Amino acid sequence: MVGITSYGAYIPRYRIDRGRIYKAMGWLNPATYMPGEKAVANFDEDSVSMGVAAGIDCLTGMDRKEIDALFFATTTSPYKERQSAGIIATAFDLRPDIRTADFTDSVKTGTTALLSAYDAVKAGSAKNVIVCAADCRVGKAGSSQEEIFGDGAASIMIGDSGVIASLEGSYSVSYDFVDHWRADGEIFDHQWEDRFIRDIGYNRFIIEAISGLAKKCKLDVKDIAKVAYPCLYAGDHKGIGKKLGLDPAQVQDPMLNNVGYTGTSNPLMLLVGALEDAKAGDNIVVVSFGNGSDALLFKVTDEIEKVKGNRRGIKKHLAAKRELTSYEKMISFRNLIPVEKGIRGEVIPPTALSELWRSRRQVLGLCGSKCKVCGTPQYPVQKICVKPDCGAIDQMEDYLFADKRGHLFTYTGDMLAFSMNPPAIYGIVDFEGGGRYWFDMTDVDQESVKVDMPVEMSFRKKYIDAKSGIHGYFWKAIPVIG
Amino acid sequence: MAFFQTSGVLKVRRIYTHEDLNKEVRSIAGYYIPEEEKRLNYNGREVLYVIGHAAIDNSCCGVGGCRYALIPGYVVAWKNKTDETGKPVSEVETIVDEDSKTELAGILKEKETITQIEFW
Amino acid sequence: MADGIKDKVAIIGMGCTKFGERWEMGSEDLMVEAFQEAIEDAGIEKKDIQAAWFGSCFDDVNVGKAATPLSLALKLPFLPVTRVENFCATGSEALRGAAYAVASGAYDICLALGVEKLKDTGYGGLPEMSSAMGTKNRLIFPGITAPGGFAMMATRYFAKYGISPEEGKKILAKVSIKSHKNGVKNPKAHLRREITEEQVLKAPMIAWPLGLFDCCGVSDGSAAAIVCRADMAKNFRPDPVRIKAMQIAISSGEEMMYTDWDGTYVETATRCAARAYKEAGIKNPREEVSMMEVHDCFSITELVTYEDLQISPRGKAGDDVRDGFFDLDGKIPCQPDGGLKCFGHPIGATGLRMMYEVYKQLQGKAGERQIKDPKIGLTHNMGGFPAMNLISVSIAGL
């Protein structure tokens, strides 16, 4: 049996009330009003960092060395050429003898990556494949995309043992349907008429995919516990369910109201949402949309009980929220307006890529060392043990800090250090099990930081060197989620 | 400074000197300028706060600044005395309760154009 | 068995420019100004100098690398000149190099000069440092500033000794007020203004819990010393100042990476001071030291340094501050010249500027701010952050 063996999700902590966006830009296009709120990635988050966060959730309790492939789906890669999946695999500290690939250029590819993972395991070329999907799509100021697009990520592990939901079948349709597009080098989507997208796009392809799947798998829609499908339009989302003859209780909430439309990761996030409430025997259908559609049928097994409640998933991330009270902050976080950083803030020292290569596991994986003689964990990797009365030379073994919690030894909120979200908060972390280092902190208000508070590590974007086209990533300390 | 105990919470009374407003106070790292002394009704009491701005333009090691609210505390006696230099002084009770601090910070962030809030 | 540097070397001349925003003066002008005062004070000529040690930290916005800037500015006659850099102790390192060279017997008379021109960056504060910390650290260091690094020590210190933020800020205010009061009496200081406790406590935060008056500033400046063999010092002047100890200590990494350090003191300073006292033969620092110039980059640094230097017991420095122990008329006046709070911190010059004050005080030439009959003066520099740093402690006496 091949199917889902674990799942995880990530929703950035910041949520903005759409009324706030409308108040700022509604004067321009008054028809853009939408109710609810949406999730906004912090200034130091992007698709890669969110993909890592969802993947870490998915990897809870799993042996990372058993992963044979990592597929990443997004339409918002930081690089045109440098594989995001490779960055993510290093962040997870996976083995090097694995297969990695980016699935991109269409918001459909989250499910395509899932199907490819299934095919790989089914064919026996991999035992465990982790799929991550994330998107951080932006709309122009005053556009409906700006109101509706939300940021988020999901991760699904496909394997053949401990399957919590087996893949029973799939049905795909592919059309060069150009409802929206973004050419090389562009930041914003172009979009054709809404009525065209609704009538020819969502209402036709999603129904075609689900009907095709039902027919192929000899499935009566009445026997489906949950159908998870995306739709930009809340009204049409309901309408599609009706046309398929689904009871509203069978339709997974598309989270348009509290997260927004999250692009590539959207179907996978909905799938995670469905799995969180699933019980053994449930049929779950997940459908994507974008230049066609993939529909996948999963059957939930008894094993689901081992995973349920042990992941942060959708629910815990939804609950861990902070209100973003400024529209201007939101667009500054995405670099959509030029902001004054000062001469000092603009200085980005060159990244030595040969250094990054040597130190990749330390920098991207937060992997330190542990002295085999005295057992002291230390970061970064040391050749000579830092414990004063030890000092053993070249007696180190790898030691992962990324998955360790710690407590905040000390901290400050700094008004002088340049930050896109001042004050810059940073501190020294003492890790559970030993080891100490200093880190930036993020997703936190100065008022809520306390000495000794529990923290965990989060993979973030450290800097963008626009001149050299480098996105630098490292780990920051955050308050423990949930 | 005087300490007194009421219902388990340690309260601290302090003297607040009303300095000249809109006058630069300079340090080697920068300067600040208190602009306005304001009073706010909160939970049936009066809270004194000062609005000002600061520039940190010569500090080791950075550049910054802020527009701030300093909150000395609840007004106990308003300009009831003068100090040795003839400046009027008020007596305040510092705000120590964390919930009140959080709430007041929220109120002032909405009401005033500020980026820093500091309680005495 | 090595017996240290005590009484082997004497300072016979010193010079110090006025510190401040010297927009009209380049590094060369500052070096010449400090040098002229030093050789005139020593009563020697340029040709008497046999070797020089040159301190400058931010070479890129200051003078450039290597020792040539000093030699070219002063037109030193093809002398051996060494450039040193060790963060905020750069000036002290220049003096240490010159003193050790004389002590070794290699030379009779040497020059130590430090300079820093910090006002040529186009922005306030020290130059951006991220490219100066090495290719690996820049990938993993947090976006830390000096005030933030030291604020983290204040947070720990207050927490350990149960000092409320309110009380802590008051103690730090007193540290700063005392230095500003002294600086008023010093014509070479950058900022000469008395401040009140009320002004300090009403100031906004820079890096919580450090406020505007807890942080030092940047300045331009230069300072220089002429050192010679102690046995020949009296040929030049009746009141040479003898070097009793010159120590430095550098972090091994255990504060930052091992979890024993509790963040309320500076390990290097503690060790450096102990070594310096041993070298100088000082058994009871609180009784024997007459005055100090310590690295008050931040008020918390000065407070903790009192303890690291064994002047105040651990956790009790605040009591000494409240008692006026470190005031100009106190038992051990600290920062009689106004310290970094009034001089700012032109890095290459600072250590020598501190020694300049010790030198003048010991000679009884400190004017308005003269301390009564000092015997032993101490300087202390700190570079880096409490969790990873370097310290210098130098002791001098008549």
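The model is predicted.

**Chain C against chain A**

Begin by displaying chain C together with chain A. Here 45 residues of chain C are in contact with 46 residues of chain A. The two chains bury about 3900 Å² between them, and carbon and sulfur atoms account for 66% of that area. Across this interface there are zero salt bridges, while 17 residue pairs are in polar contact, both residues being at pLDDT 80 or more.

Next, select four elements of chain C: helix H4 (137-140), helix H5 (146-160), strand E5 (205-207) and helix H8 (254-257). Each of them supplies at least two residues of the side that touches chain A. The largest share, seven residues, comes from H5(C). If the side of chain C that touches chain A is coloured by residue class, it divides into 21 nonpolar, 17 polar and seven charged residues.

**Chain A against chain B**

Now bring chain B into view. Four residues of chain A are in contact with ten residues of chain B. The area buried between these chains is about 580 Å², with 56% of it given by carbon and sulfur atoms. Select A:Arg344, A:Met415 and A:Leu416: together they supply 83% of the area that chain A buries against chain B, more than any other three residues.

The interface of chain A and chain B has one salt bridge. To see a salt bridge between these chains, select A:Glu447 and B:Lys109, whose side chains meet at 4.0 Å, N to O. The side of chain A that touches chain B consists of two nonpolar, no polar and two charged residues.

**Aromatic pairs in chain A**

Over all chains, the structure holds 34 aromatic pairs. Select A:Tyr14 and A:Phe333. Their ring centres are 5.9 Å apart and their planes stand at 45°, so the pair is tilted. A:Tyr14 belongs to strand E2 (residues 14-17) and A:Phe333 to helix H11 (residues 327-333) of chain A; the pair links parts of the chain that are distant, 319 residues apart. A:Tyr14 counts as buried at 5% relative accessibility, and A:Phe333 is buried with a relative accessible area of 3%.

Move on to A:Phe205 and A:Phe289, a stacked aromatic pair with 6.3 Å from centre to centre and 25° between the planes. A:Phe205 lies in helix H6 (residues 194-217) and A:Phe289 in the loop between strand E12 (283-287) and strand E13 (292-300) of chain A, so the pair ties together parts 84 residues apart in sequence. Both A:Phe205 and A:Phe289 are buried.

**Salt bridges in chain A**

Over all chains there are 71 salt bridges. Select A:Arg358 and A:Glu355, whose side chains meet in a salt bridge at 3.0 Å, N to O. These two residues are three apart in helix H13 (residues 353-358) of chain A, so about one helical turn separates them. A:Arg358 is exposed, with a relative accessible area of 56%, whereas A:Glu355 is buried at 8%.

Finish with A:Asp443 and A:Arg460, which form a salt bridge at 2.8 Å, N to O. A:Asp443 lies in the loop between strand E20 (436-440) and strand E21 (454-465) of chain A, and A:Arg460 in strand E21 of chain A, so the pair ties together parts 17 residues apart in sequence. Both A:Asp443 and A:Arg460 are buried.

Methods: Residues numbered from 1 in each chain as written. Chains lettered and ligands numbered in written order. Predicted model: local features only at pLDDT ≥ 70, side-chain atom pairs only at ≥ 80, totals over all residues. Heavy atoms only, no water. Contact = heavy atoms within 4.5 Å. Buried area = accessible area lost by both parts, 1.4 Å probe. Nonpolar A, V, L, I, M, F, W, Y, C, P; charged D, E, K, R; others polar. Polar contact = N/O pair within 3.5 Å; in protein donor to acceptor, adjacent residues only side chain to side chain. Phe/Tyr/Trp six-rings, centres within 6.5 Å; stacked < 30°, edge-to-face > 60°. Buried < 20%, exposed > 50% of the residue type's maximum accessible area, 1.4 Å probe, protein only.
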